[in-house]
Amino acid sequence: ALHDVAPLGALPGLVGLRLDRVRAGSFAALAALDYLADASFAGAALPDVEFLRGQVHLRSLDLADDQVRDLSPIATLRSLTALDLSREPVTDLRPLAGLEALEALSLAGVPARTAAPLARLVHLRELDLSGSRIGSLAPLAGLAGLEVLRLDRTPVADVSPLRSLGRLRSLSLRGTRVVSVR
């Protein structure tokens, strides 16, 4: 099994990198990968993502099933169009507010309680909030381009803020508190 990713930092031309479930002591050397566009570290139990700060070319990032609590390094990734933070122990989504290029975002299983920081992500087409603690959909009302929304197993009871989402094509509400759609 791969335990030392430092030699990968010497490959400056890498644009794609998949290190899913790799348990390395440090990922710091990967900060040297200036042209990284697509990266996956799902299940790698990352202690932090500081090495990603400043990865200006990064467009797709998968951090599902890691241990990331601080999203502030991700706030600098303005080119991101796809981000998977499924099952991260994140409660503060504010660092995501400036990632206005995002088109696909998964926050499935994230313990965050408010979607307010997502209100500025006007290019979102797909959003997965399944298993999160987000109960109010009001912040999503302005996401006119949203096409797919997953709300399974959330405390959502009122879907009326979604009325303004004319492009919404797929809505999943399994296990929610929604009893009526008016």
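Is Arg87 buried, exposed or partly exposed? I started my notebook with that one, and Arg87 comes out as partly exposed, at 46% relative accessibility. A reminder to myself before going further: this is a predicted model.

**Entry 1: the chain as a whole**

I looked up the secondary structure and found 0 helices and 8 strands in the chain. Read from the N terminus, the elements go β-β-β-β-β-β-β-β. I then checked the radius of gyration, which is 17 Å; the globule rule gives 16 Å for 182 residues, so the chain is as compact as a globular protein of that length. Along the principal axes, the C-alpha atoms fill a box of roughly 55 × 25 × 25 Å.

I also asked how much of the chain is buried, and the figure is 46% of the 182 residues. For contact order, I took contacts between residues at least 6 apart in sequence: 10% of them join residues at least 24 apart.

**Entry 2: the sheet**

What is the order of the strands in the sheet? I read it as β1-β2-β3-β4-β5-β6-β7-β8, an open sheet of 8 strands with parallel pairing. Its edge strands are β1 (16–18) and β8 (170–172), and each of these pairs on one side only. From one strand to the next, the twist averages 5°.

I picked one pairing to look at in detail. Strand β2 covers residues 38–40 and strand β3 covers residues 60–62; the two run parallel and are joined by 3 bridges. Across that pairing, Asp38 stands opposite Ser60 in β3.

**Entry 3**

My next search was for ring pairs, and the structure holds 3 aromatic pairs. I noted two of them here. In one, Phe27 and Phe41 have ring centres 5.8 Å apart and planes at 85°, so I logged the pair as edge-to-face. Phe27 sits in the loop between β1 and β2, while Phe41 is in the loop between β2 and β3, so this pair ties together parts that are 14 residues apart in sequence.

Phe41 also pairs with Phe51, again edge-to-face, at 5.3 Å centre to centre with 85° between the planes. Both Phe41 and Phe51 belong to the loop between β2 and β3, where they are 10 residues apart. Taken together, the ring pairs link Phe27, Phe41 and Phe51 into a cluster.

Phe41 has 0% relative accessibility and counts as buried. Phe51 is buried too, at 8%. The cut-off behind these calls is under 20% relative accessible area.

**Entry 3: positive phi**

Ala45 turned up with phi near 55°, a positive value in a residue other than glycine. Ala45 lies in the loop between β2 and β3 and is partly exposed, with a relative accessible area of 29%.

Arg87, from my opening question, turned up as well: its phi is near 60°, also positive. I located Arg87 in the loop between β4 (82–84) and β5 (104–106).

**Entry 4: Ala64 and its contacts**

Ala64 is in the loop between β3 and β4, and it counts as buried at 4% relative accessibility. Which residues does Ala64 contact, leaving aside neighbours within four places in sequence? I listed Phe41, Ala42, Gly43, Asp84, Ser86, Arg87 and Glu88.

I finished in the segment after β8, where Thr176 has its place. Thr176 is at 17% relative accessibility, which means that it counts as buried. A polar atom of its side chain lies 2.9 Å from the backbone oxygen of Leu173. Not counting residues up to four places away in sequence, Thr176 touches Leu151, Asp152, Arg153, Thr154 and Val156.

Terms used:
Residues are numbered from 1 along each chain as its sequence is written. This is a predicted model: local features need pLDDT of at least 70, side-chain atom pairs count only at pLDDT 80 or more; totals for chains, interfaces and linings use all residues. Side-chain values use heavy atoms; hydrogens and water are left out. Two strands pair if DSSP finds at least two bridges between them. Helices (H or I, at least four residues) and strands (E, at least two) are DSSP runs, numbered from the N terminus. Axes are lines fitted to C-alpha atoms, for helices over the stretch in contact, and angles run from 0 to 180 degrees between N-to-C directions. Buried means under 20% relative accessible area, exposed over 50%, partly exposed in between (1.4 Å probe, protein chains only). A polar contact is a pair of N or O atoms within 3.5 Å; within protein, one must be able to donate a hydrogen and the other to accept it, and residues adjacent in sequence count only if both atoms are side-chain atoms. Contact means heavy atoms within 4.5 Å. Rings of Phe, Tyr and Trp (its six-membered ring) pair if their centres lie within 6.5 Å; planes under 30 degrees apart count as stacked, over 60 as edge-to-face and the rest as tilted. The radius of gyration is taken over C-alpha atoms; the globule rule is 2.2 Å times the number of residues to the power 0.38.
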